[in-house]
Amino acid sequence: MKAYDIVIIGGGPAGLAAAVSARKNGIDRVLILERDKELGGILNQCIHNGFGLHTFKEELTGPEYAARYIAQAAELNLEYKINTMVMDISHEKIVTYMNREEGMQEIQAKAVILAMGCRERSRGALNIPGYRPAGIFSAGTAQRLVNMEGYLPGREVVILGSGDIGLIMARRMTLEGAKVKVVSELMPYSGGLKRNIVQCLDDYGIPLKLSHTVIDIRGKERLEGITLAEVDSHGKPIPGTEEDYTCDTLLLSVGLIPENELSNGMGIDMNRVTSGPNVNESLETSIPGVFACGNVLHVHDLVDFVSEEAAAAGKNAAEYVMREKSAVQISKDIKSPIELEAVEGVRYTVPKTVNVDRMTDRLTVRFRVGAVYQNCFVSAYFDNERVIHKKRPVVAPGEMEDIKLDKSKLLEYPDLKKITIKIEEA
Amino acid sequence: MYDVIIIGAGVSGAAAARELSRYKVKVCVLEKSEDVCCGTSKANSGIVHAGYDAAPGSLMAQLNVEGNAMMGKLAEELDFPFQRKGSLVVCLHEEDRPSLQELYDKGIKNGVPDMQILEREEVWELEPNISDHVVAALYAPSAGIVCPFGLNIAMAENANTNGVAFRFNTEVTAIEHIEPGYRLITNQGNYETKCIVNAAGVYADVFHNMVSEKKIHITPRRGDYCLLDKTAGKHVSRTVFALPNRKYGKGVLVTPTTHGNLLVGPTAIDIDDPEGTNTTAEGLKRIAENAGLNVKNLPMRQVITSFAGLRAHEENHEFIIEELEDAPGFIDCAGIESPGLTSSPAIGKRIAKILQEKLHLEKNPDFQGTRRGILNPAALSIKERDALIKKEPAYGNIICRCEMISEGEILDAIHRPLGAKSLDGVKRRTRAGMGRCQSGFCSPRTMEILSRELDVSMFEITKSGGDSRIVVGKNKDAL
C-alpha cells in the first residue's frame, strides 16, 4: 500500500492552504485528493471580488484567490489528484479513494487533514409547503449554472435567505438580466455580511424583507409564484400578512452545513452546533493525527480566515508527523486540557479545548453569536475570573468573531480548568 | 390495431403489461407523463402490507395477501429493492385492545401468516424506540418495504423487453366504440385496440365514465410525507403503524425505506384536483405531531424533503378489477389505493387472466422473466469495484455525492429500455439527487450527461417532462 505523511481531503481553499503549510513545515509526502475537475473548490464559481483583503491586502475574485494558492502548490510540487472521490477513511488512517484512471485505491496516511468544505441546506430541510416544480435552486447551484456554465436559471427571481451566497446571487442575477423581486429573511437580521447587503441589494434597489418567509410554492411544472408572509418572534407566519409574488425562480440561501460524512464514518466526535468535528488547539479531532479546517470544521464568512486556519492545521499536522517519526515519547502525565465553554450569546467555540503546552504563542479562538448585540462586551472568564473584556459596537450571527488567547497569560493560571466565553451587555 | 391498450404506466399498468407479455399479444401502454411511475405510484409509503387491514372476503384482501406472497420471488426475478422486515401496529390505550384483536382476527381470515400480538416489553425488544405508552402491538413478520419506483420501473422495463410498446407524453382525451373494440383519441394521434385496461389511477373514473353508464367517482386523497436523512434510517427497523383510525385509514406511519432513509406520513386529505400534489403547512405539522405518538424521539430536524402523493380512493374502498358489463373489452383497474402497491403483482396477474380468457391468448415462448436492475457498486467489494472501473471508467466518476452515484449508473439509467429522460427519471432509477443535498451538487452535472447522451440542448432538459425546464436561457440574453 502506498504511504503518505499527510493526506488532505479536499483541494479547495482550506485543503490548498493546509497543503502549502504542511510542505513549508518540512513534510515531503503530502497528497491532496480533490473530487472536482480542478483545484480551488467553491472559489471557482465565486467570480465576484472581495477575497484576499486580509491575506494578500488586495481585492481578488474567487478564482484569482484560488489561483494564488494553486500557484504556490505548483511551486512546491505538491502532489494532487482531481476527479477523485474519497470513499472511506479508516480509524487507522487508511484512505480509500476512487477515480476513473486508478479505480479503487487504498493509501496509508500518517496524518489526515479534513478539508471537505460544506454544502447548502436544501428546500426540503426547511419543510416549505407547496408544489415541487422546477425553478427552485439553492443559491450555489444557480451560481454554478450562471458563473461556470453561462446558463440563466430564470428571469423573475425571489430569494429566500440572506446568507452571503443569496446576496451575491441577487446582484449576479440582476447583472445577467433577471429581475430579482425581493430577498426574504426569516430572522429579524441578515445572515450575511453588511457589506454584501449594501453592495448587492441596496445598490440595485432590491428590497430585503426581514422576518419574512415563503409559506407556499405554486406551479406544477415550472415555478409560477410564491407567497411570502411576515413571521412573529417565534418564526410563525402572521395571518393577514401574506403577499403573492409571481416568479419563475426561487433561490434558497438558508444556511451551510459542513460535509462530514467521512468524519462521521470514522467515528470522530462531532459538535452539534457547528456540525463539524470538535477540535483542540491544534485543530486536531478526537482521533489523534486527524485534523480539520475550513468550512468542514465550521462555516466561515471569509476565505481569508479559512486560509489562516488551514495553514495552522497544516503546520500542526506537520508537527504531528515529525513527532511520530522521531518517536519522541510524550510524557503520559500531560494534564487534562483547558475546556472552552460557549455560553450566554456565544454559540460555540473553535477550538473546544486548549492544551497550553501545544498551543502557539497566540491562539485565535473563533466563534459565532446567536443574536445581534449592540454596545456589548465579549468576555472570557478564566474559571471565575474575567480576564478578557473586549468592547464591541455590534456583533451579529452573520459575522464570525474571535478572541486571542496568549500563551504567556495562560501560563499564569497553572490550575485553570475552564475558559468561559460570553457576551455581556453594557 | 392493438389487442390491448393499457392507460397508465403506474404500478398497476406496468404489472398488467408485464403479465400480459407472458402471452402472444400486441400490447401498448399509453402514459400522459414523460416516464413510468409519475402518479400515485411514485409518492406513497413503499410498504408491502401484510394484509390484515382489508375487509375479509374483499378483492382488496385477497390481492393484498397474494401480492405480498409474490413480492419476494418477483424482487429476485426483476432485481428491485424489497425487504421483508415485518410491521407493528401500535396500540397505545388499554381500551383499544379490542381493535387490535379485531385486526388480528381479520388477518387470520385474510390468510396473513405468522402474526402475533406482542405485549409492551416484547414490543420494546423488537423496537426500542416505540412510545413509552405502548400497551401492545400486532406484529406481522410478512410485511415488508419495497422501492416503489424500483418495482414499477422493473415491471415496465421487463414488459418492454418482452415486446410491450410504451408511448409517453400521450394523453387520452376521448374513447370511441369501434367494431370490434375502441378508438382512443390522444394528443399524439389515434390508437385502435380490441381491449382497454383502465389503470389511470386518480383519472380512472374519467375513462370509465367515457364508456359506461354506471358512473364511478375517484377521489384524490392526498397524503403528505416527510423523508428523513439516512442518519435517522435506523430509528426503527420495521414499519410502525398506528392503530387504524375509523375515519382515515391507517394513520401516520414511521418506516425505514429500502434505501436506508426514514419515512414518516401520510396525512389523508380528500381533494378535488387530481394533480394537487402540494404539501401544506397543516399537513406537515400533523405529521410531526402524529408520528411522535407511536415512535419516540423522532429526529424531525433531519427531514431532507417532504412530498405529497394522491391515493385513488373509490367510495366503496374496494379494488375494481373487472370487465365492464356495458362496455365489453374495457377492463377497469380502478380504486387502486393502499394496498395497491403490495397488490400490484396480483393485480397484473388478475388482469392478464381476464384478457387471456377473453382473447384466448397463447403463451409467449420467448418470454424472458428476469431483468437486471441498475448495478449498485456500493454492494461490491473494493476489488470488484476496482475491476468494474478498469472495465468501465464511468463507474469511477461520482456524480451524486450524497448517494455516491457514479456516471456509470446514470448512463445505464439513460440507455436501458424505457430509459430516463429527465432529472427525476434519473433520480428514480439511480437515486442521484435523492440524498441530503437534494440535487444541489449533482443536478448541473446530471443535466450535462442527459444533454450529451440524449443529444438535446441544455434548454430542453427538464426536471420531470412538460414545461419543467431547469434553465431558461443564456446569461444576458435579455439585455
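Q: What are H2(B) and H5(B) to each other, oblique or roughly perpendicular?
A: In this predicted model, the axes of helix H2 (residues 59–78) and helix H5 (residues 148–161) of chain B come within 10 Å. They cross at roughly 60°, while roughly perpendicular would need 65 to 115 degrees. H2(B) and H5(B) are therefore oblique.

Q: Which residues of H5(B) make the contact with H2(B)?
A: H2(B) passes H5(B) in a left-handed crossing. From H2(B), the contact takes Met71(B), Leu74(B) and Leu78(B). By class, the contact has 6 nonpolar, 1 polar and no charged residues. The H5(B) side is made by Leu151(B), Ala154(B), Met155(B) and Asn158(B).

Q: Is Thr342(B) buried or exposed?
A: Thr342(B) sits in helix H8 (residues 340–359) of chain B. Beyond its neighbours within four places in sequence, Thr342(B) is in contact with residues including Asn64(B), Gly67(B), Asn68(B) and Met71(B). Its relative accessibility is 0%, so Thr342(B) counts as buried.

Q: Which residue has the backbone nitrogen that the side chain of Thr342(B) reaches?
A: Apart from neighbours within four places in sequence, the contacts of Thr342(B) include Ile47(B), Val48(B) and His49(B). The side chain of Thr342(B) reaches a backbone nitrogen at 2.9 Å, and a polar contact needs N or O atoms within 3.5 Å. That nitrogen belongs to His49(B).

Q: How many Å apart in space are Leu30(B) and Glu171(B), C-alpha to C-alpha?
A: Leu30(B) is in strand S2 (residues 27–30) of chain B, and counts as buried because its relative accessibility is 1%. Not counting residues up to four places away in sequence, Leu30(B) touches Arg167(B), Thr170(B) and Val172(B), among others. Leu30(B) and Glu171(B) are 141 residues apart in sequence. In space, C-alpha to C-alpha, their separation is 7.2 Å.

Q: Which residue has the backbone oxygen that the side chain of Thr349(A) reaches?
A: Thr349(A) belongs to strand S22 (residues 346–350) of chain A. With a relative accessible area of 5%, Thr349(A) is buried. Leaving out residues up to four places away in sequence, Thr349(A) touches Leu340(A), Ala342(A), Val365(A), Arg366(A), Phe367(A) and Ile421(A). At 2.9 Å, its side chain reaches the backbone oxygen of Pro351(A).

Q: What is omega for the cis peptide bond that joins Glu179(B) and Pro180(B)?
A: Most peptide bonds are trans. Pro180(B) is in the loop between strand S10 (172–178) and strand S11 (181–186) of chain B. For the cis bond joining Glu179(B) and Pro180(B), omega is about -5°.

Q: Is Lys93(A) buried or exposed?
A: Most residues other than glycine have a negative phi. Lys93(A) is not a glycine, yet has a positive phi of about 70°, in the loop between strand S6 (85–89) and strand S7 (94–99) of chain A. Because its relative accessibility is 10%, Lys93(A) counts as buried.

Q: Is Asp114(B) buried or exposed?
A: Asp114(B), not a glycine, has a positive phi of about 60°. Asp114(B) lies in the loop between helix H3 (97–110) and strand S6 (116–119) of chain B. Its relative accessibility is 59%, so Asp114(B) counts as exposed.

Methods:
Residues numbered from 1 in each chain as written. Chains lettered and ligands numbered in written order. Predicted model: local features only at pLDDT ≥ 70, side-chain atom pairs only at ≥ 80, totals over all residues. Heavy atoms only, no water. Helix = DSSP H or I, 4+ residues; strand = E, 2+ residues; numbered from the N terminus. Buried < 20%, exposed > 50% of the residue type's maximum accessible area, 1.4 Å probe, protein only. Polar contact = N/O pair within 3.5 Å; in protein donor to acceptor, adjacent residues only side chain to side chain. Contact = heavy atoms within 4.5 Å. Axes fitted to C-alpha atoms, helices over the stretch in contact; angles between N-to-C directions. Parallel < 35°, antiparallel > 145°, perpendicular 65-115°, else oblique. Left-handed = near helix turned anticlockwise from the far one by under 90°. Nonpolar A, V, L, I, M, F, W, Y, C, P; charged D, E, K, R; others polar.
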